[in-house]
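I opened this model to take notes on a few points. Entries follow in the order in which I looked things up.

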Amino acid sequence: MRDFTYDRAAATSDAVASASDEGASFIAGGTNLLDLMKLEVMAPEKLVDINRLDLHDIEETDTGGLRVGALVSNSDLAADRRVRRDYAVLSRALLSGASGQLRNKATTGGNLLQRTRCYYFYDTAMPCNKRQPGSGCAAIGGQTRLHAILGASEHCIATHPSDMAVAMRALDAEVEVEGTDGARRTIQMAEFHRLPGDTPAVETVLKAGELITAVILPPPPGGRHVYRKVRDRASYAFALVSVAAVARMDGDSIGDVRLAFGGVAHKPWRDDRAEALMKGKAPSDALFDEAADLILADARGQGGNDFKIPLLRRTLKAALSEATQMGEPQ
Amino acid sequence: MKTSLRINGEERQLDADVRTTLLDALRQHLGLTGSKKGCDHGQCGACTVIVNGRRINSCLTLACMHDGDEITTIEGIGTPDNLAPLQKAFVEHDGFQCGFCTPGQICSATAMLEEAKAGWPSFVSDDLDDIDTLSDEEIAERMSGNLCRCSAYPNIVAAIRESVKETAS
């Protein structure tokens, strides 16, 4: 691990000021950052420890939603009574990720900022446009089992590894951040992560020094919540494909449906057209196939991940059947 | 960097490079070699310790981040003359072969049982709000962060299952 200076922040304003230095990085749970620092994939010159900041609470908002402090651990968020009751898709997504030990340390803000698990990003002997902009992409033409089928570019085909972020995308969460001027702004989850384009090293819309202070969940969407994750092991593995589905039935037809996908793109993926297509219609195998056709119209495999295209369709249909209780007595 | 840690009920002082992980602080600086270094990347769980009541991978955190924290290692859970119930259960059920992963398994299971007692669900819980007695499937899911290369899993699950019963009775 490269040497760094260590600075423990006592207030968000100190943290933001300290982290605006060149080469500085915040550290919260550290489960991903320290791993990457040991491998020298990341080598910050300064760590700003934000664990003592007052961002550990989950509070109800005026509009009936929840404000989740950036330092709330993945365990605490998954086990929170209100989250279990009203945002079950988020509890399930969190519980599907990592291990008990890691969830105790990993934070809400840090989970959003975790880096891809692309093998070539981790291997400092290989070119990677994300790790070393302009060096090329070794994944293209290489081992691509984990890689993207949607929204990739000729510069990067990495996927975002978070499960939590997929559920938050389906829930239309917002990310609250504090900038160097002390002002707070909110960013829609839809806008927070970027597609790789020709700058894959720039993964979010955060500005230098900006600190995530909270994630805000809108009022509960109701309906039935499903998080379906397909992976190479039954536990403690990243998603090959995951689907967050929330559906509210209106009699025999779909009143409202939200779908977000993990393991398939550089960010949690969502397709409004597929949701609009299904609203007001009775759930059926044919309808779900039509939705999958829309979502997968521009999907492109890289060879080793071609299987993800039919797998996403099947996982989507399974999650939708469960969320809409298709075939079950209403 | 100077750091105070309360380890197994005892105040300990550390003055180490900021890069020192909690695991290396315990093993190299404080002589507590019960916690093991397997992968050093948070994948195997051999380094599991309990910090402020929560199980974590001590290899993936810096010692300096834990100034003032309360840490329990395997040395604080039981001794050869006075085994904790879980340790006894591991011996009785032969929950290991080489034993390298065992301190991590015991620390992890100790805290995992507390999580279950607090009603925390897991990914395999059918109902997020109604966590009944831990089934073998629940134990396996909740312990998936602890690998055993000897593959003593059936006996590890049996040892934990017995402790669940004892905790419940």
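Predicted model: local features only at pLDDT ≥ 70, side-chain atom pairs only at ≥ 80, totals over all residues.

**Entry 1**

I began with D172(A). I then looked up its partner. D172(A) forms a salt bridge with R270(A), and their closest N and O atoms are 2.9 Å apart. The pair links distant parts of the chain, 98 residues apart. I found R270(A) in the loop between β11 (253-262) and α11 (272-278) of chain A. D172(A) sits in the loop between α9 (164-170) and β6 (174-178) of chain A. R270(A) is buried, with a relative accessible area of 15%.

**Entry 1: other salt bridges**

I picked out D21(A) and K46(A), whose side chains meet in a salt bridge at 2.8 Å, N to O. D21(A) lies in the loop between α1 (12-19) and β2 (24-27) of chain A, and K46(A) lies in strand β3 (residues 46-49), so the pair ties together parts that are 25 residues apart in sequence. D21(A) is partly exposed, with 40% relative accessible area. K46(A) is buried, with 14%.

In chain B I looked up K37(B) and D40(B). Their side chains meet in a salt bridge at 3.7 Å, N to O. The distance counts because the cut-off is 4 Å. K37(B) is partly exposed, with a relative accessible area of 34%. D40(B) is buried, with 18%.

Why do I call α5(A) largely enclosed by the rest of the structure? I found that 9 of its 9 residues (88-96) are buried, so the label holds. The buried residues include A88(A), V89(A), L90(A) and R92(A). After α5(A) comes A98(A), whose phi is positive, near 55°.

Next I checked the length of α4(B), residues 102-117. Its 16 residues should span 22 Å at 1.5 Å a residue. The end C-alpha atoms are 22 Å apart, which agrees. The expected span uses one less than the number of residues, so I multiplied accordingly. α4(B) is mostly covered, with 13 of its 16 residues buried. G119(B) follows α4(B) and has a positive phi, near 85°.

**Entry 2: positive phi without glycine**

I listed two residues of chain B here. N52(B) is not a glycine, yet its phi is positive, about 50°. I placed N52(B) in the loop between β3 (48-51) and β4 (54-57) of chain B. N52(B) is partly exposed, with a relative accessible area of 48%.

S151(B) is not a glycine either, and its phi is positive at about 60°. S151(B) is found in the loop between α5 and α6 (153-168) of chain B. At 44% relative accessibility, S151(B) counts as partly exposed.

**Entry 3: a charged patch**

Which residues form a negative surface patch in chain B? I wrote down D126(B), D127(B), D130(B), D132(B) and E137(B). I followed up D132(B), which is found in the loop between α4 and α5 (136-142) of chain B. Is D132(B) buried or exposed? D132(B) counts as exposed, because its relative accessibility is 63% and the cut-off for exposed is over 50%.

**Entry 4: two distances**

I took C-alpha to C-alpha distances for two pairs. S235(A) and L71(A) are 164 residues apart in sequence and 25 Å apart in space. S235(A) lies in the loop between β9 (224-230) and β10 (241-250) of chain A. S235(A) is buried, with a relative accessible area of 13%.

I77(B) and R149(B) are 72 residues apart in sequence and 23 Å apart in space. I77(B) belongs to helix α2 (residues 74-77) of chain B. I77(B) counts as buried because its relative accessibility is 18%, and buried means under 20%.

Conventions:
Residues numbered from 1 in each chain as written. Chains lettered and ligands numbered in written order. Heavy atoms only, no water. Helix = DSSP H or I, 4+ residues; strand = E, 2+ residues; numbered from the N terminus. Buried < 20%, exposed > 50% of the residue type's maximum accessible area, 1.4 Å probe, protein only. Patch = residues over 30% accessible without salt bridge, like charges linked within 9 Å, V, L, I, M, F, W, Y side chains within 5 Å. Areas by Shrake-Rupley, 256 points an atom, 1.4 Å probe, with all protein chains shown as cover. Lys, Arg positive; Asp, Glu negative; His and termini not counted. Charge placed at Lys NZ, Arg CZ, Asp CG, Glu CD.
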